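Take a look at the model first, then read on.

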Amino acid sequence: MEPLQRIGKATADVLEVLLGADEPRWGLEIIKLTGRPSGSVYPLLDRLERAGWVTSVWDDDAERRGPRRRMYRLTAEGAAEARKVVARAAPRPRFVPRAAT
């Protein structure tokens, strides 16, 4: 598995969706859940797959109508790294000093 060169908020969003999935997710579902455009999600998924963080397969549900879907799932190593990325990207609580009384 390769380390990622750039890990931005969009990458963290996609990884968070994949971490929260019990089943593989398809690209359009990831787009809807993250609120990110397809022009950023699909290249991210491709980059994650080339780095070994994600695997994908074509959905073979013959009874489902519509075009075939590509299903994405984190690898075991990818899930471990994704947890670190998502934890780092989580908003930190801000310390707000109170006035002394």
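**Helix packing and one arginine**

Helices α2 and α3 cross in a right-handed manner, where right-handed means that the near helix is turned clockwise from the far one by less than a right angle, and left-handed that it is turned anticlockwise. This is a predicted model, in which local features need pLDDT of at least 70 and side-chain atom pairs count only at pLDDT 80 or more, while totals for chains, interfaces and linings use all residues. Residues are numbered from 1 along each chain as its sequence is written, and side-chain values use heavy atoms, with hydrogens and water left out.

**Confidence**

- The protein has a mean pLDDT of 90, with 90% of its residues at 70 or more; pLDDT is the predictor's confidence in each residue, from 0 to 100.
- Among the elements, strand β3 (residues 70-74) has the highest mean pLDDT (97) and helix α4 (residues 76-89) the lowest (94); helices (H or I, at least four residues) and strands (E, at least two) are DSSP runs, numbered from the N terminus.

**α2 against α3**

- Helix α2 (residues 27-34) packs on helix α3 (residues 38-50) at about 125 degrees, with the axes 10 Å apart; axes are lines fitted to C-alpha atoms, for helices over the stretch in contact, and angles run from 0 to 180 degrees between N-to-C directions.
- That angle makes α2 oblique to α3, since under 35 degrees counts as roughly parallel, over 145 as roughly antiparallel, 65 to 115 as roughly perpendicular and the rest as oblique.
- From α2, Gly27, Leu28, Ile30, Ile31 and Thr34 meet Ser38, Val41, Tyr42 and Leu45 of α3, contact being heavy atoms within 4.5 Å.
- The residues of this contact are 6 nonpolar, 3 polar and no charged (Ala, Val, Leu, Ile, Met, Phe, Trp, Tyr, Cys and Pro count as nonpolar, Asp, Glu, Lys and Arg as charged, and the others, Gly among them, as polar).

**α1 against α4**

- The axes of helix α1 (residues 9-19) and α4 come within 9 Å and cross at roughly 125 degrees, which makes α1 oblique to α4.
- The crossing of α1 and α4 is left-handed.
- Ala12, Leu15, Glu16 and Leu19 of α1 meet Ala79, Ala82, Arg83, Val85, Val86 and Ala89 of α4.
- This contact involves 8 nonpolar, no polar and 2 charged residues.

**Around Arg25**

- Arg25 lies in strand β1 (residues 25-26).
- Beyond its neighbours within four places in sequence, Arg25 contacts residues including Val17, Ile30 and Tyr72.
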